[in-house]
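Welcome! Please take a moment to look over the sequence and the model below, and then let us walk through some of the details together.

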Amino acid sequence: MIAIVRYNAGNIMSVRNAVTRLGYESIITDDQNELERADKVIFPGVGEAGSAMAYLKERKLDQTIISLRQPILGICLGLQLLCRFTEEAETKCLGIFPASVKLFPPVDKIPHMGWNNFINMKGDLFKDISLNDDVYFVHSFYAEISSCTIATSEYILPFSAAMQRDNFYATQFHPEKSAGVGEKILKNFLDL
Amino acid sequence: MLKKRIIPCLDIKDGRTVKGVNFLNLIDAGNPVELAKEYVKQGADELVFLDITATIENRKALAGLVERIAAEINIPFTVGGGIDTVEDVAVLIKAGADKVTVNSSAVKRPELISDIAAQFGSQCVVVAIDTKLNDDGWKVFVNGGRVPTPLKTMQWAKKVEELGAGEILLTSMNSDGTKEGFSLDITTEVSRNVNIPVIASGGAGSMEHFRDVFFHTGCSAALAASIFHFGEIDIRDLKKYLKNENIAVRL
């Protein structure tokens, strides 16, 4: 069973749809027991960091998430919330990844929206993924490159496209919206 | 490198795709889900669904359609047509839409843009601007391009950016339906003067038109309807052509 963390972030259904298309059963839940029992957990997110963190804290989901032992995949805002700190609403985050999240400097269009490729891929998440593959991004804040970065991408500057530490995985892009390439990456995670 | 996006637009009436479509391999080309899947297969980067009937009864049906699209489609899609309130948006986002587009209702009540952005994030608000060149410059038109407003296009574009729009879908009424190419001048002016992505729309008739709009205007994406629907241009061929012309696209 795959558990998708329920919180006040947009479009969680698209993550569930993608998991269903890959043939996995899933539940959307904010229940601590259900999250702990799941084989894999997905921590999605589109929205604003400050209110998302406040929501997680209110329900003690912040503690639950950082104590999970099975593979967990943060997506987009999910990646940013797993970092140390974000400039968005000056928010202290979950601190799994030793990186800060910053606003792109306004020298090109913001958000970084659309299809982009990545380099420096490491690990099983990127099995069968090539340098020419594109995935879909939409974000105005980016995670700095750190020791946990397992893929980098470039828009205005190089940033973390994906991160990993122990059982915590995260992608800045949306695998659930990234056509066949995204499906492969999601499947790689679900097969871990 | 960030790629330029190609976006087919599907007009929806009573839950069906309108405008003749001649994909021979589709059993039911009037079925928006089937047509959308075909575009995904061809390599469309995003899809836009516009409900051109947009009555209250149809809106409920639209949410059902959005659910079916979301279940099958693995690229981002935008839904629009008759969105007047944040509640309308909530229904569509919950059904699985990634973005919504607002047009006349935003001109009437600009705070709609900031309200949607506050609740769902800027990334999901696409403000559609229909523009037409007349004697005193490019002006904003509403109600499907039929009703003029005193708004200057450039001023309105800056305003929607300030209010929290995540993208602008700019349709030139002068070019729309002509198949003579996008309006490069106004697309350039808007794209160079706002710091959010601009989707060019109206006038696509050939692959060269896409090259020109990407090469000259600074737009992030180009949208078209009939040339894709009628199979005049296959998106795969278009993207190969653009790549050969040194435009960054996703293949």
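## A buried valine in chain B

V48(B) counts as buried because its relative accessibility is 4%, where buried means under 20% relative accessible area, exposed over 50% and partly exposed in between, with a 1.4 Å probe and protein chains only. V48(B) belongs to strand 3 of chain B, residues 47-51. Strands (E, at least two residues) and helices (H or I, at least four) are DSSP runs numbered from the N terminus.

Which residues surround V48(B), leaving aside its neighbours within four places in sequence? V48(B) is in contact with I7(B), P8(B), C9(B), L10(B), T78(B) and L223(B); contact means heavy atoms within 4.5 Å. L10(B) is 38 residues from V48(B) along the chain, yet 6.2 Å separates their C-alpha atoms.

## How to read the model

This is a predicted model, in which local features need pLDDT of at least 70 and side-chain atom pairs count only at pLDDT 80 or more, while totals for chains, interfaces and linings use all residues. Residues are numbered from 1 along each chain as its sequence is written, chains are lettered from A and ligands numbered from 1 in the order in which they are written, and side-chain values use heavy atoms, with hydrogens and water left out.

## The sheet of chain A

Chain A has an open sheet of seven strands in the order 2-1-3-4-13-12-11, with mixed pairing. Two strands pair if DSSP finds at least two bridges between them. At the edges are strand 2 (26-29) and strand 11 (149-155) of chain A, each of which pairs on one side only. On average, neighbouring strands are turned by 25° against each other, direction ignored; axes are lines fitted to C-alpha atoms, for helices over the stretch in contact, and angles run from 0 to 180 degrees between N-to-C directions. Helix 1 of chain A (residues 13-21) packs on this sheet, touching strands 1, 2, 3 and 4 of chain A, and its direction makes about 160° with that of strand 2 of chain A.

Now follow strand 4 of chain A, residues 72-75. Both of its faces are covered: I72(A) and G74(A) on one side are buried, as are L73(A) and I75(A) on the other. Strand 4 of chain A runs parallel to strand 3 (residues 40-43) of chain A, joined by three bridges, and L73(A) is the bridge partner of I42(A). Strand 13 (residues 168-171) of chain A also pairs with strand 4 of chain A in the parallel sense, over four bridges; here Y169(A) stands opposite L73(A).

## Nonpolar cores

A nonpolar core is a set of buried Ala, Val, Leu, Ile, Met, Phe, Trp, Tyr and Cys residues joined through side-chain atoms within 4.5 Å. The largest has 79 residues, and L47(B), I116(B), I168(B), F210(B) and F228(B) have the most contacts inside it. Another core of 34 residues lies apart from it, including V135(A), I150(A), L186(A) and L190(A).

## Where the chains meet

How many residues of each chain are in contact with the other? The contact involves 26 residues of chain A and 33 residues of chain B. The area buried between them is about 2300 Å², 51% of it from carbon and sulfur atoms; buried area is the accessible area (1.4 Å probe) that two parts lose on being put together, summed over both. K109(A), M113(A) and W115(A) supply 32% of the area that chain A buries against chain B, more than any other three residues.

Two salt bridges are counted between chain A and chain B, each being a side-chain nitrogen of Lys or Arg within 4 Å of a carboxyl oxygen of Asp or Glu. A salt bridge joins the side chains of D98(B) and K177(A), at 2.9 Å from N to O.
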